[in-house]
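Hi,

Here is the structure I promised to pass on.

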Amino acid sequence: MSASAPESRLTLEQTLDWGELAPLRLTARSAADGVYAGGHRSQRRGAGVEFGGHRAYVPGDDLRFIDRHALMRHGRLMVRQFETETDRALRLVVDASASMGFRSAGAPGAKLAYAAVVAAALTRIAISNGDPVALDWIGGDAREPLPALGGREAFERVVAALETVRPGGDLGLDTAAAERAFAGVARHARRGSVVVLLSDLIDLPEHTLDRFAALASLGRTLIAVRVLDPLEASFALEGPVRLYASEGSFRVETDASLVRQGYLARLAAIASEWRQRLAESGGVLIDAVTSEAPVSTVREVVLGARGGQP
Amino acid sequence: MSFAVGLALAVAAFVVVPFVAHLLRRSRADEREFPPAHLVPVVEPVARQRSRLEDRALFGVRAAMILALAVLGATPLVRCSRLSIARQSGGSVALAIVVDDSLSMRSQTPSGKSRFDLARGGARELLAAAREGDAVAVILAGAPARVALSATTDLGAARRVIAELEVTDRPTDLAAAVQLGRSAVKPLPHVDRKVVLLSDFAGAPVPNGEPAVWAPMAELRNAMDDCAVVSAVSHGRRVSATVACSSAQAARGRSLDLAVSTQAATAPDAGAPLAKTGEVVASAKLDPRAGEQTVSLEPSTLGAGLDAQLSGKDSIAEDDRAPVAPEAQGLGVAVISDVATSSATTGGATVVEQALEALALDVGVKPLPTLPDDAKELERFAALVLDDPGGLAPEARAALGEWLERGGVALGLLGPRAESVQLGTTLEPFVSGALSWGTTKSGGVDPKSIAWLGAPGSSLSSLAPRGRVRLESALAPGATVLARWDDGEPFMVEKRVGRGLTLTVSLPSAPDHSDLALRPGFLALLEHVIEQSERRAGPRRSVAGTPWAFPAGSRVEIDGPRGPLARETASGAETERAFVPSRVGRYRVRVEGTTEQRIVTLDSAEITTAPHEPDQHDERVVTSGVDNQVDASSEVALALLALLALELALRATRRLAPRRKRRRADRPSALAS
């Protein structure tokens with residue numbers, strides 16, 4: 001009994017702080033129901049009959065669809081897209097590293113809990129549309145990814161996986177964690193799949209953005225949802241503070257009042273970089289704060305997946 | 001709680017409270033988790049910025065200023081453990097430092113140093129506090145008291161003398177040392193004169209006089225537990241040893257052993273078994289009590305080459321061993337006095353004999369009916385007292401002269417018979433020529449002229465003489481007047497004859513003629529005679545510090561426990577050489593090819609007389625710490641001014657530098673970095 005005490009404490013510490021976001025099934029259903037989820041014509045752009053617009057060329061695109069007229073007129077490599085009737089697999093990549101387990105005093109739940117609600121809601125929507133859903137992890141307790149599955153059973157499996165995940169792992173040390181997740185996506189996501197990354201984009205290894213942007217080939221749609229805690233989003237601290245990162249041993253002592261603007265500028269710079277880079281690949285970045293209702297985030301993701309700006 | 005303690009606590013609070021407040025203000029902020037911590041720019045918190053160098057320095061300077069102010073205010077209350085010279089008017093000081101170098105100063109103190117080391121350290125501290133213009137004299141209080149350094153303004157010479165001082169086995173002579181100290185500073189022009197006595201006060205009381213004696217260093221006067229072998233004398237096959245203990249505790253569980261000396265001068269007799277060097281040949285337990293005790297032992301070998309030693313350890317290790325002297329041949333004093341006229345009305349021995357016995361010196365008093373005609377009969381005597389002699393026959397004068405030439409000391413107490421000497425007899429060598437006895441109006445001896453005799457000498461100022469011998473007209477050539485009547489007539493005359501000495505007094509001892517024999521000065525006078533005879537006769541056993549006198553022209557070599565006795569002290573007379581053995585032990589003396597052995601012992605009073613605190617109500621001695629007050633107000637005030645200047649400079653620097661720093665910190669680029 002006494003020997004297992006530390007282990008129990010460790011488990012409790014690592015348990016996801018759901019806060020007001022649990023139970024996941026109900027919250028996810030509520031979020032999904034708030035979004036119009038009717039049958040859709042395939043939003044997949046790629047090889048097909050009906051012209052669907054242009055987008056910038058990314059390495060790996062089929063050279064047959066390069067629009068030479070646009071090249072000659074504008075001097076830019078553009079790819080012609082076509083609408084086609086097909087299923088659109090949903091690939092969820094959830095960041096479950098230690099930083100995602102953070103929940104400030106005023107937040108309804110941990111960032112990972114919020115991401116789980118969004119992911120579950122998206123799963124419900126996708127399955128209701130007959131699209132398969134796959135789940136990959138960055139960090140976390142090293143659980144196995146879920147392959148693309150459809151049907152009610154798939155929803156249960158995804159929800160079960162999301163419910164039991166525990167935040168953990170230091171992406172600063174495990175620099176290949178993101179690459180492993182994206183490699184699985186690149187290998188298994190079929191043309192036209194929607195890849196949704198749910199992460200706080202903090203402590204991600206270098207080149208993560210490049211690797212993620214590279215998934216835009218084969219007509220995949222990339223959506224990155226940056227989930228932030230209200231404290232991270234606003235930095236509502238005052239006076240001298242001593243902060244330590246969730247991952248690694250980094251510590252900083254500073255005066256919050258003096259550095260708030262600098263911090264927010266750095267945060268915005270990261271968002272801007274992701275947004276710009278994803279836009280080049282036809283993707284979008286969605287900012288989400290855990291204090292906001294998950295349904296709005298889900299709605300933005302759905303809109304983003306349909307090609308509209310969130 | 002005294003006022004000083006309360007003041008000190010208040011000052012401590014003044015310093016500590018701001019410091020604690022300062023620490024609280026700059027305490028570290030609480031740590032909290034923040035995943036994007038690496039995005040947060042590093043900026044030193046304002047409170048921490050303020051607690052940087054300039055604040056710390058200012059804090060230190062201001063705290064030092066508060067302390068300096070407190071010290072400045074408390075200067076009258078400050079006492080320093082270092083000895084220092086208090087200056088009454090801020091001027092130069094004439095200082096006589098009396099250092100006790102007697103045996104008792106060898107005692108170990110709880111600090112691990114001997115009393116003498118502490119006293120010498122105190123003398124050094126006093127010299128360190130001396131300024132240019134101060135005159136310093138160094139007096140040694142080991143008997144006989146002596147001047148190690150006459151009053152001088154050369155402080156370097158004083159330091160050298162203090163550095164060269166060594167503790168001895170001499171008895172203590174505080175009274176004479178203090179008088180020497182007073183007389184050393186008296187003729188100096190300094191208004192402020194001081195006599196500092198660095199002693200354990202294991203001796204006679206300090207005499208009256210000015211200036212009062214300052215006796216600091218109370219740690220010198222702590223009691224000690226010590227036993228010492230005072231003397232050991234062989235009597236036939238027995239050895240009788242005298243042991244003195246300061247307390248019963250010191251004697252408890254200890255024994256006296258006789259061991260074969262490493263410096264054995266004589267070989268054991270043929271009949272006795274041989275013993276190895278250091279081997280204990282007899283032993284006896286000590287009686288656990290304070291004071292003197294005599295222990296009798298019968299060794300298996302002769303005592304001449306033996307040492308008496310105490311087992312165990314005590315405060316003074318050096319006095320636990322003493323050589324066994326051969327059978328004592330006490331100093332003989334011959335007394336020629338008329339029992340009919342020179343005795344007390346109750347009868348008994350003559351007053352001279354009684355006085356000599358009262359001195360309790362180690363001398364054998366022998367009354368003689370007449371002065372022997374043969375010098376050989378006088379050989380066994382070191383001193384001779386002639387009381388109211390009626391004239392000396394030529395044969396007796398010749399024998400006396402021969403005896404004097406060899407070192408005898410004769411005291412002539414001249415009385416009415418000196419006026420009517422028989423035909424063919426004279427009083428030479430005491431006086432030359434006819435003498436007269438007559439009444440006098442003089443009341444006694446001029447105290448100033450007999451001050452050399454010490455405090456008892458003053459008692460001779462009231463003698464109520466019914467008559468006296470007029471010496472003025474009959475002074476022998478080369479005679480010196482040692483003391484005079486209060487009307488200027490000679491009272492006592494000294495004349496050196498060869499190695500010997502004659503002392504002539506113009507009064508007899510008979511109580512019918514004067515109160516001379518009733519005065520303490522009479523005992524002191526006889527003691528002076530014995531001392532002079534000891535110096536000349538060279539007793540085989542003497543107390544450390546007793547001078548040995550030899551004719552100036554003689555060749556003398558003395559080997560002591562520490563090698564040749566190098567220190568040669570010039571005595572008062574040009575015709576003598578005096579050696580002063582200051583250490584206990586066995587000495588080998590060679591005079592003109594003749595070798596003799598002498599034993600130097602210690603004075604038991606050094607052990608049995610406990611150190612004592614001087615009477616606090618005695619105005620002759622100042623023991624309080626008033627005089628070691630340190631007036632450092634001027635130095636503290638200077639330090640305070642320096643601190644003030646430093647504080648102003650720091651504030652000026654702070655006013656310029658932090659502004660620049662803050663401007664830099666306010667820039668967005670600074671945050672972005």
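**Salt bridges**

Over all chains, the structure holds 35 salt bridges, each being a side-chain nitrogen of Lys or Arg within 4 Å of a carboxyl oxygen of Asp or Glu. Before the details, some bookkeeping: this is a predicted model, where local features need pLDDT of at least 70, side-chain atom pairs count only at pLDDT 80 or more, and totals for chains, interfaces and linings use all residues. Residues are numbered from 1 along each chain as its sequence is written, chains are lettered from A and ligands numbered from 1 in the order in which they are written, and side-chain values use heavy atoms, with hydrogens and water left out.

One of the pairs is A:Arg91 with A:Asp136, whose closest N and O atoms are 3.0 Å apart. A:Arg91 sits in strand β4 (residues 90–96) of chain A and A:Asp136 in strand β5 (residues 133–139) of chain A, so the pair ties together parts that are 45 residues apart in sequence. (Strands are DSSP runs of E, at least two residues; helices are runs of H or I, at least four; both are numbered from the N terminus.) A:Arg91 is buried at 4% relative accessible area, and A:Asp136 is buried at 5%. The cut-offs here: buried is under 20%, exposed is over 50%, partly exposed is in between, with a 1.4 Å probe and protein chains only.

In chain B, B:Asp287 and B:Arg289 form a salt bridge at 2.9 Å between the closest N and O atoms. B:Asp287 is partly exposed at 37%, and so is B:Arg289 at 34%. There is also a network of salt bridges linking A:Arg242, A:Arg251, A:Glu253 and B:Glu31.

**The β28–β29 loop of chain B**

B:Arg583 meets B:Glu166 in a salt bridge (3.3 Å, N to O). B:Arg583 lies in the loop between β28 and β29, and B:Glu166 in the loop between α5 (155–164) and α6 (174–185), so the pair ties together parts of chain B that are 417 residues apart in sequence. B:Arg583 counts as buried at 12%, whereas B:Glu166 counts as exposed at 51%.

B:Ser582 is in that loop too, and is buried at 16%. Leaving out residues up to four places away in sequence, B:Ser582 touches B:Thr168, B:Asp169, B:Arg170, B:Ala544, B:Gly545 and B:Tyr587, where contact means heavy atoms within 4.5 Å.

Cheers
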